[in-house]
Structure formats: structure tokens, C-alpha cells
Amino acid sequence: MRDVFDPLADIDRALAEQAGWTWFDDYLLYTCGVAELISTGRTAQIPPKATRVRVEPGEVCLADGPVNWFTWRAAGDGHWTRGQVRADGRTAIGAAHHLTNAVRNEARRLRAEAAAQPRWVAERAGTAMISDRRMHLTAPDRAFSLYWSALEGIDLTAPDRVGCRFPDKHGTMQQLLIQSPWAPLLFVTAALRHFPHHPLLQNGTWLPAGFEDKCHLAGKKCPKVRKLG
């Protein structure tokens, strides 16, 4: 049967280079092709990509590749150990040792307090399997799946970054930030499934301005997927 889904097949690479086409545009055009088929109920026409992750019956692997991810959490718990000085504080040398120790203790306290404040903490780099149902993250020390249906929110915060919120098994809200050229694919797949009224889908800004024109200059027609909400 003819493969009906190959958005990169007829790109004129010479023209594409003249149009300022980059490798990231390849990811975007593939994402547009996926978005068109998902939004029109034709997910089954997307040829599944190769992956080492076990997929569920009927699940379609859309992409598989390296990612970096960050979790919103504190790097420490605020605890620190106070240093002690045995020198006699009544002598000049002893007083200097006590002063130095006090300065060091204050620095330890401030570092511990800073570490207890939530921030984006980089986790070990790994890979992601992206399907029509979920994202499966794998790193050297952990692996887990995050189903689109479990998300409380998702946003494309930069062209290559997508952030999401979800409750863990204890009901505590967690935040995850994924950095990958597949970020637009992550966003649009999850949003089409469970956030169809997302502002980025409504106003079309999930796709960079002028992308359709760039596709035309590269010899490729971009699917009409800018506004999907």
C-alpha cells in the first residue's frame, strides 16, 4: 500500500537551503503532518516509528529520540551542619578562628536555604518515546510514562521546550520541563487530545510565524494546521 505520510519526501533541499531551512524545520514539518492526521481522526495512517519501548495495542509511536528534562523541585532540604572551633576565643588567633568559622557557618546556612527553594533542576539526560497516548521517558537511573490524559496542563514555553503539570500517585502536583526538538510534537499531540481549547491552538502561535511560506520556498506544502482549536 502506498505510504501516504511522508511530509519530508518532496522537499527540494537546494531550495530549502536558500530559504534558510534548518534541521529544526524538518521536525516542525513532520509535526504538522502528524497534527493534520490526528486532528482529522486519521491517526492510523501515521506509520509508527521504531522504538525500544513496548507499545500498547493500537498505540502509535510518533517519534523516539534524545531529550533533556527538568523537574521543579528543591535540590536540598534546608539542613546543614554547623562547624565547630576548638581554639580559645580569648586570644587574638583564637578569636580570628571563631570569626572565620562564623563566616563559614553563615555561608553554609545561606547555601542550605537556597537549596531548599524550588527551582528547575536538570535530571540526567535520556530518551523519549512519543506516542498518540503518552510520553515515555527513559534515563540511566529511571523510566516512567506520562499519559496525556493525566496532565493538568501543558504549554510550549519555547520552540524546543514544553512544560506540563500533573499529579503524582500521592496527588501532589508535579511540574516537568522537556527540552527537545520534538517539543512542538509533544505539545500539539497532547493538546489535540485533551486541551483542544488551548490558546496556542486557538491563535496558531504554536507554529512559528511564516513557517508555511518557508515550506513553500523549500518546495513543500505545509498542511493547514496553524489554528487547530
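How many Å should the 12 residues of helix α4 (residues 183–194) span at 1.5 Å a residue, and how far apart are its end C-alpha atoms? The first view below takes that up; all the views show a predicted model.

Figure 1. At 1.5 Å a residue, the 12 residues of α4 should span 16 Å, and the end C-alpha atoms are 17 Å apart, which agrees. Ten is the number to look for here: 10 of the 12 residues of α4 are buried, so the helix is largely enclosed by the rest of the structure. Among the buried residues are Ala183, Pro184, Leu185, Leu186 and Phe187. Val188, Thr189, Ala190, Ala191 and Leu192 are buried too.

Figure 2. Helix α2 takes in residues 23–39, which makes 17 residues. From first C-alpha to last, α2 reaches 25 Å, close to the 24 Å expected at 1.5 Å a residue. Of its 17 residues, 13 are buried, so α2 is largely enclosed by the rest of the structure. Following α2 you will find Gly41, whose phi is positive, near 75 degrees.

Figure 3. The structure holds seven aromatic pairs. In one of them, Trp72 and Trp120 have ring centres 5.3 Å apart and planes at 70 degrees; with over 60 degrees counting as edge-to-face, this pair is edge-to-face. Trp72 belongs to strand β1 (residues 61–73) and Trp120 to strand β2 (residues 119–122), so the pair ties together parts that are 48 residues apart in sequence. Elsewhere, ring pairs link Trp23, Phe24, Tyr27, Tyr30 and Trp182 into a cluster.

Figure 4. A search of the whole structure finds zero disulfides. Cys32 is in no disulfide, and the nearest cysteine sulfur to it is that of Cys222, 3.7 Å away.

**Figure 5. Arg124 and its contacts.** Arg124 sits in the loop between β2 and β3 (126–131). Along the sequence, Arg124 and Asn68 are 56 residues apart, yet their C-alpha atoms are 7.3 Å apart in space. Leaving aside residues up to four places away in sequence, Arg124 touches Trp69, Ala139, Pro140 and Asp141.

**Figure 6. The second largest pocket.** This pocket holds about 200 Å³ of space. Its lining is made by 11 residues, and the closest to its centre are Thr71, Arg142, Phe144, Phe166 and Gln174. Strands β1, β5 (142–147) and β8 (173–179) are the elements that give two or more residues to the lining.

Figure 7. The protein chain has six helices and eight strands. From the N terminus on, they run α-α-β-α-β-β-β-β-β-β-β-α-α-α. Of the chain's 229 residues, 39% count as buried. Among contacts with a separation of 6 or more, 61% involve residues 24 or more positions apart.

Conventions
Residues are numbered from 1 along each chain as its sequence is written. This is a predicted model: local features need pLDDT of at least 70, side-chain atom pairs count only at pLDDT 80 or more; totals for chains, interfaces and linings use all residues. Side-chain values use heavy atoms; hydrogens and water are left out. Rings of Phe, Tyr and Trp (its six-membered ring) pair if their centres lie within 6.5 Å; planes under 30 degrees apart count as stacked, over 60 as edge-to-face and the rest as tilted. Helices (H or I, at least four residues) and strands (E, at least two) are DSSP runs, numbered from the N terminus. The expected span of a helix is 1.5 Å times one less than its number of residues. Buried means under 20% relative accessible area, exposed over 50%, partly exposed in between (1.4 Å probe, protein chains only). A disulfide is a pair of cysteine sulfur atoms within 2.5 Å. Contact means heavy atoms within 4.5 Å. On a 1 Å grid over the protein atoms alone, a cavity is a set of points where a 1.4 Å probe fits but cannot get out, and a pocket is an open set with protein on both sides within 12 Å along at least five of seven lines; lining residues have an atom within 4 Å of a point. Grid points are joined across faces, edges and corners, and a volume is the space filled by probe spheres set on the points.
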